[in-house]
Amino acid sequence: MAANYEYDEAAGHYDDQAAALRQQEVGYDPNFVPDSVKSFVVHLYRHIREKNVYEIHQMYETSFQTLSERLFKDTPWPSVDAVAHYVDNDHVFCLLYREMWFRHLYARLSPTLKQRIDSWDNYCSLFQVVLHGVVNMQLPNQWLWDMVDEFVYQFQSFCQYRAKMKNKTEQEIALLRQFDQAWNVYGVLNFLQALVEKSAIIQILEQEKQGLEQFTATDGYDYSGGSNVLKVLGYFSMIGLLRVHCLLGDYHAGLKCLQPIDISQQGVYTSVIGSHIATIYHYGFASLMLRRYVDGIREFNKILLYIYKTKQYHQKSPQYEQILKKNEQMYALLAICLSFCPQMKLVDEAVNAQLREKYGEKMGKLQRYDDEAYGDKLSRRQRYADEAFGIYDELFSYACPKFITPSAPSFDEPLVNYNQDAYRLQLKLFLSEVRQQELLVGARTFLKVYSTISLGKLANYLDVDESTLRMTLMTYKHKTHAVDSDGKIISNADVDFYIDDDMIRVVNSKPVKRFGDFFLRQIVKLEGVINDMDRIKVESAN
């Protein structure tokens, strides 16, 4: 009952202020439990036992954040031992409480190495209970997604922490040696894969396609009185696996893990905004790195349009800053995809307007090719190419995931920082692709103008010999085709051609302009304006 749990009352404010004052006076006392925290854990425990998902969600999303802001801005929550007797020392509830405790610690403070290791142990215990015990409860999808998301984040954070070896103390090095299995990459992958397999989520999604299951229709909840925890954790673990593989640079494996989820449709992953954005961000980034530009453009366009239309509804959400950051990163990735593969017909006009505002000038430089016959045109083209190269470097570095090196350091050799090695490798691979595509900008420019052109003439325009041009055109064919998830070769080309003897014949692939769609959108907008005007008239008349 929501009425029993209200933090805006004067008494609640007084208790919170007194507790905050005590924390300031004596410092952090892990055994001190303010009355409002007692009330929080007691009510949360009761709602979990009653499977009251609505109240659990309200307490998890709102009350936990409110208490964190008022009482624990720069200190951890009370220890699990201090609150355990208020919840009958319930083992599973204590694991869930510790999971939130560590998440709050990571968000607001800087965890010690021991705390990082303890958090790993807590996740191991929690996932073991889910995998091998009988978890008779329903939890909100938001919480279950946050568990998987935080698990992967803490793994990433640990790898980056461990890779900065230069200033580690002897005690830290001793702990790293002692707990060498903490946040081990195989352990992380095995837990996520085990959740996928044990939940049988892949089979559930297959049966849903045949009309035998209602997983998506019920958002994963079990309305017959069962538990949604294992099934939904298994579902979100597929997204977690995609993210881990992207952090490791294995994009094929990441997309393969996501295959059971049809991202062309609404799904449980779209029921939580953080899950929705993480899925499309990593899917789009993996598609970019595998040269599946059309797939990346299509999905980035959809999610960016969704955020554009709905972000005002998430302003009070704890994830709002993260939503805005990922939004900006995905615009940068969309700019890269469109520069490699100028398929503007796939981009909605609202997204295109935002893209032009943010990256219009830079995209112009990425696609610029100087074909004027000046004596220094080669050096000028090289300057253009170098400028574009710098922009690609900047956009990629801003928008890419924080890659990790999952292996432990060699403690017997001089200790060095290697936290940037994985990023540098992925940047090098990406910029190598950029260099390979440099000449393609010029070739694409002329192929869009001509329906037929001789090899000699095009070679002269591009200032290369015919053999180099043939190689460039073969490269163009190679770079505009990719292998999709089913092993089929797909084309990303916005212009296609074939060579007949010494003539290049361009295939007319002009997109059909969909005037009908444009007019329908304008009619809908006009109707909205008329409705707003009518409503204003009615209100003023009243």
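**Exercise 1. Are Phe-215 and Tyr-235 buried or exposed, and how do their rings sit against each other?**

Let's start with burial. In this predicted model, Phe-215 and Tyr-235 are both buried.

Next, the ring geometry. The structure holds 31 aromatic pairs. In the one made by Phe-215 and Tyr-235, the ring centres are 5.4 Å apart and the planes meet at 45°. Planes under 30 degrees apart would count as stacked and over 60 as edge-to-face, so this pair is tilted.

Last, where they come from. Phe-215 sits in the loop between helix H10 (201-209) and helix H11 (229-248), while Tyr-235 belongs to helix H11. The two are 20 residues apart, and their pair links distant parts of the chain.

**Exercise 2. Work out which class the Phe-285 and Phe-403 pair falls into, and which parts of the chain it links.**

Take the geometry to begin with: the centres are 5.9 Å apart with the planes at 50°, so you'd call this pair tilted.

Now locate the partners. Phe-285 is in helix H13 (residues 273-289), and Phe-403 is in the loop between helix H17 (377-399) and helix H18 (421-436). That puts them 118 residues apart.

Then check burial against the cut-off of under 20% relative accessible area. Phe-285 comes in at 0%, so it's buried. Phe-403, at 3%, is buried too.

Finally, look around them. Phe-285 and Phe-403 belong to one aromatic cluster, whose members include Tyr-251, Tyr-293 and Phe-340.

**Exercise 3. Find what lies over the faces of Tyr-161 and Phe-389.**

For Tyr-161, look for Arg-116, which lies over the ring face at 4.5 Å from the centre. For Phe-389, the residue over the face is Arg-435, at 3.7 Å from the ring centre.

**Exercise 4. Check the length of helix H2 (residues 35-49), then see what follows H2.**

The helix has 15 residues, and at 1.5 Å a residue it should span 21 Å. Its end C-alpha atoms are 21 Å apart, so the two values agree.

Which residues of H2 are buried? Among them are Val-37, Phe-40, Val-41, Leu-44 and Ile-48. Residues three or four places apart point the same way because an α-helix has 3.6 residues a turn.

After H2 comes Lys-51, with a positive phi near 60°.

Note on methods. Residues numbered from 1 in each chain as written. Predicted model: local features only at pLDDT ≥ 70, side-chain atom pairs only at ≥ 80, totals over all residues. Heavy atoms only, no water. Phe/Tyr/Trp six-rings, centres within 6.5 Å; stacked < 30°, edge-to-face > 60°. Helix = DSSP H or I, 4+ residues; strand = E, 2+ residues; numbered from the N terminus. Buried < 20%, exposed > 50% of the residue type's maximum accessible area, 1.4 Å probe, protein only. Lys NZ or Arg CZ within 6 Å of the ring centre and 35° of its normal. Expected span 1.5 Å × (residues − 1).
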